[in-house]
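Please read them with the structure open.

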Amino acid sequence: MSEFRIHHHVNELLSVLDVRGGDGAEGYIDLLQKHRTPYVTTTVSAHSAKVKLAEFSKTPEDFLRKYEELKSKNVRHLDPLVYLLSRLCEDSQTLQRLQQNAKDRSEACATTAAALAPAPSVLSAATSVSKMSMQELDELRKKLGNATAASNAPLSAEVTRKMLRDKHNKKNPAQLNPIFPGWVYERPTLLGDFIAGPTPPADPPVGTLALAAQEQLVLEDLLFVLVGVDGRNVAAQPVLGRQNRSFIVDATLDLSVKELVHRILPVASYYSTVTRFVEEKSSFEYGQVNHALTAAMRTLLKEYLILVTQLEHVHRRGLLSLQKLWFYLQPTMRTMDILAAIASSVDKGECMGGATLSLLHDRTFNFTGDAQAQEVCLYLTKAASVPYFEILEKWIFRGIIRDPYSEFMVEEHELQKEKIQEDYNDKYWDQRYTVVQHRIPSFLQKMADKILSTGKYLNVVRECGRDVTCPDAKEVVYTLKERAYVEQIEKAFNYASKVLLHFLLEEKELVARLRSIKHYFLMDKGDFFVHFMDLTEEELRKPVDDIAAPRLEALLELALRMSTANTDPFKDDLKIDLMPHDVITQLLRVLAIETKQEKSVANAEPADAALSGLEAFSFDYVVKWPLSLIISRKALTRYQMLFRHMFYCKHVERLLCNVWITNKHAKHHWSHSAKWFAAAFALRQRMLNFVQNIQYYMMFEVMEPTWHLMENNLKTASNIDDVLWHHTSFLDNCMKDCMLTNPELLRIFSKLMSVCVMFAGRMQRFTQTLRLERLPSDAGCHERKKSQAAKVRARLDPHVTKLGHTHSAGVYVCAHAAFVCVQSEETDAASGAGFEASIVNFDNSFSVLLLDLLDKLSIFSSNNCEHSMISIIYRLDFNGFYTERLEKMAVERSHKEAA
């Protein structure tokens, strides 16, 4: 059972029981997962649990009858359920709580029914309008009784066959089931069972004859009845559905003779049951396992008929008596009883495939101590398991499923492997082949996951055009000693794991591919990104609709050839991708997949301002089968989000560095305003220190150590599922430690970056304005001033204007003071007063947001035991500048919680 299913069931149970408080669902889920085991641990205590429940029940006979009925239908989880109920009965506190909950629910239902019930006047009016006579009431009661009996009656064999055939044809329209011609079912003499025919003419009562004559007549009748033919004094009664055959014996027979006859007749009843079962389950619709079972039963029936023939020969010689017949039938009676019981259980449980094998295995195991019964069941189970094990052998040794009747535990679904590179939520690896629980034989339950994985591994290699066959392939034979076929499955699993792992790591160079992705998506190649950002800076400033994608591709190709990335053999698989959303919207859309918010997030209106190229830009990577199993669209999307997050940080760093460069050039003009320019320089340095330290933390304290850990784990991986898990764990840890999975931290961080961008824009605008004012004041220069100012505004406004809008996801929302700063007029900036106020407001906004980020990081690290993020605090607060204020905020927070 998956973690999500456990979570769902626990929440449903808590909701039904109206449990509030405590550790909540998470505590119970963690407890269940710690004690989860692939082994069935409750079968040993099933009998004692049944006895306890019968003692606790007010109607033990009804309980035991219902238990036996469900047991005969081969209900898989019956014993674990009984065991759980017996444990609940032992816990008085839990039992009292359940009884109170049931009482509350019944009262609530009664209240609701009373509220919905019509008024008494309406009822009396309705009664007066339509009155029924007693005769009509009796007729209605009979009709309802007949309808109920008809609904509970089992379906006819013809209807059952048609339902099974339609179900199979709907599932496999390309492979229709063959059917027997109609005359096979229309000729009752072909069945070998009793035929309902005309009553033979009445003979003189047999009871008037002598005792020896009665015995000889009854012997002859019994020999006919034992092979499914009515006798003169012993006749079979018609049966309905799955009822056992009963017989009518001449009432005038001597009591001693009649007693012996009644002792022998169950054998004829067993024969009738088994014969009907064999004829019915031999139809194509019931699957190969049932076919093999009926074939084995036919063999035993043949032995039975030989015995009856031998008895008839003895009777012809006049050496057979009722006592001898009773004696000779003793061993056969036990065998026929077992066959009839198995036939009835398979029929009632509507078992096919693995369900039939589970029933046979349980019967074989339960007959330990009864050598004859266990030998019969073992023979039947071995015979019935042959076709199932043939399918199993093809799957675990070659990765092929040939299951024409949908009996095997592994089911194949029509999914295209190409979609794994297109659909973020594609589940090819998880859903192309799945395990169907009710088809798993109980003796293979522990190995079900390995059986599934073994075939999946081999199937991946086969789909790459290579034919693989396990060198240790041997015939799998059923035995009570599970170690025999468990060892064969283990060998096949180890071989399949080794073949696929070697194929991906060595032939398809998986690790080299991952390193190539790391170069670009995790910014491993620094010189490449310097070249690329220098080449594309002007192009990426444009709105995304105005960007020429071929031009970006050409610039990317140029940057790759001019840097150390030119040595990467997979560099041609790197592509440009202009996303329709910024990174925050993309992240929220991904997190909302398969949740209640999915539709609302998907249908949310886009932001008013158009995306710039910087916000929409991302890399993409071409991955082909079978590497797309590991580097799927989901994995690439996570790489993209990490890249876009760091790419934007790198862009902000470049903006702040450009401010530093322009400040160096214009520094000699600002000597008269050294005080507030020094404050602006100090704020710029604080912002630059923040951005650089965040980048250093993400690249060298999160991604590099996690990457090296993943590389070491890949060297020790034993199968492809381990590789998938290590790769997914690497991406999850990077996303979490880079604050991409915590909306609260991400919101504060985004505001900080927005303040930095607007501060850089403000400083650039002020510097350009100051330079223009230093130009000579003639008419030509005035026009050049206006032209240069317009160019400066056109170059800087896209960043500021875009960040001034409130993002639809509510993340890129900046402080109110920062907006005021951006909207100040150049005249105020030129005079110095407006500029000084802007710097103060920027400083206040940046300090408040930074303190908030450090405080939230401290809370998150301590509460969630995620200590990796606390290194951000040590980096940004390296000299204890914020320590006192953080401690003050922590004290205030503790006082609020106490209040």
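**Notes on the predicted model**

1. Helix α5 has 13 residues, which at 1.5 Å a residue should span 18 Å; the C-alpha atoms at its ends lie 19 Å apart, which agrees. This is a predicted model, and that applies to every point below. The buried residues of α5 are Leu78, Asp79, Val82 and Ser86. These residues cover an arc of only 95 degrees around the axis, so they sit on the same side of α5.

2. Leu85 also belongs to α5, which runs over residues 78–90. Leu85 has a relative accessibility of 36% and therefore counts as partly exposed, since that class lies between the 20% limit for buried and the 50% limit for exposed. Together with Leu81 and Leu84, Leu85 forms a nonpolar patch on the surface, and the three have about 260 Å² of accessible area together.

3. Ala46, Ala49, Lys50, Leu53 and Ala54 are its buried residues. Viewed down the axis, they fall within an arc of 135 degrees, so they line one face of α3. His47 and Glu55 are exposed on the other side of the helix. Note that Lys50 is listed among the buried residues.

4. Some totals for the whole protein. The protein has 36 helices and 6 strands. It contains 899 residues, of which 42% count as buried. Its accessible surface comes to about 48,000 Å², and carbon and sulfur atoms account for 55% of that. Of the contacts between residues at least 6 apart in sequence, 75% join residues at least 24 apart.

5. Which residues does Arg263 contact, leaving aside its neighbours within four places in sequence? They are Trp326 and Met333. Arg263 is in helix α12 (residues 255–281), and its relative accessible area of 40% makes it partly exposed. Trp326 is 63 residues from Arg263 along the chain, yet their C-alpha atoms are separated by 7.9 Å.

6. The salt bridges come next. Side chains of opposite charge can pair when their charged atoms come close. The count here is 29 salt bridges. One of them joins Asp573 and Arg513, with the closest N and O atoms 2.3 Å apart. This pair links distant parts of the chain, 60 residues apart: Asp573 is in the loop between α23 (549–561) and β5 (574–578), while Arg513 is in helix α21 (residues 510–521). Both Asp573 and Arg513 are buried.

7. A salt bridge also joins Arg551 and Glu539, whose closest N and O atoms are 3.1 Å apart. Arg551 is in helix α23 and Glu539 in helix α22 (residues 526–540), 12 residues apart. Are the two partners buried or exposed? Arg551 counts as partly exposed at 45% relative accessibility, whereas Glu539 counts as buried at 5%.

8. In the salt bridge between Arg686 and Asp843, the closest N and O atoms are 2.7 Å apart. Arg686 lies in helix α28 (residues 674–716) and Asp843 in helix α34 (residues 833–863), so this pair ties together parts that are 157 residues apart in sequence. Arg686 counts as partly exposed at 23% relative accessibility, and Asp843 is partly exposed at 25%. Elsewhere, salt bridges that share partners join Asp534, Glu537, Glu538, Arg541 and Arg654 into one network.

9. Where is there a cis peptide bond? Such a bond joins Trp625 and Pro626, with omega about 5 degrees. Pro626 is in the loop between β6 (617–621) and α27 (633–665).

10. Backbone angles at two residues deserve a look. Glu509 has phi near 55 degrees, a positive value in a residue other than glycine. Glu509 is in the loop between α20 (483–507) and α21, and with a relative accessible area of 39% it is partly exposed. Met523 also has a positive phi near 55 degrees and is likewise a residue other than glycine. Met523 is in the loop between α21 and α22; its relative accessible area is 6%, so Met523 is buried.

Methods
Residues numbered from 1 in each chain as written. Predicted model: local features only at pLDDT ≥ 70, side-chain atom pairs only at ≥ 80, totals over all residues. Heavy atoms only, no water. Helix = DSSP H or I, 4+ residues; strand = E, 2+ residues; numbered from the N terminus. Buried < 20%, exposed > 50% of the residue type's maximum accessible area, 1.4 Å probe, protein only. Contact = heavy atoms within 4.5 Å. Areas by Shrake-Rupley, 256 points an atom, 1.4 Å probe, with all protein chains shown as cover. Patch = residues over 30% accessible without salt bridge, like charges linked within 9 Å, V, L, I, M, F, W, Y side chains within 5 Å. Salt bridge = Lys/Arg side-chain N within 4 Å of Asp/Glu carboxyl O. Expected span 1.5 Å × (residues − 1). Arc of directions from axis to C-beta.
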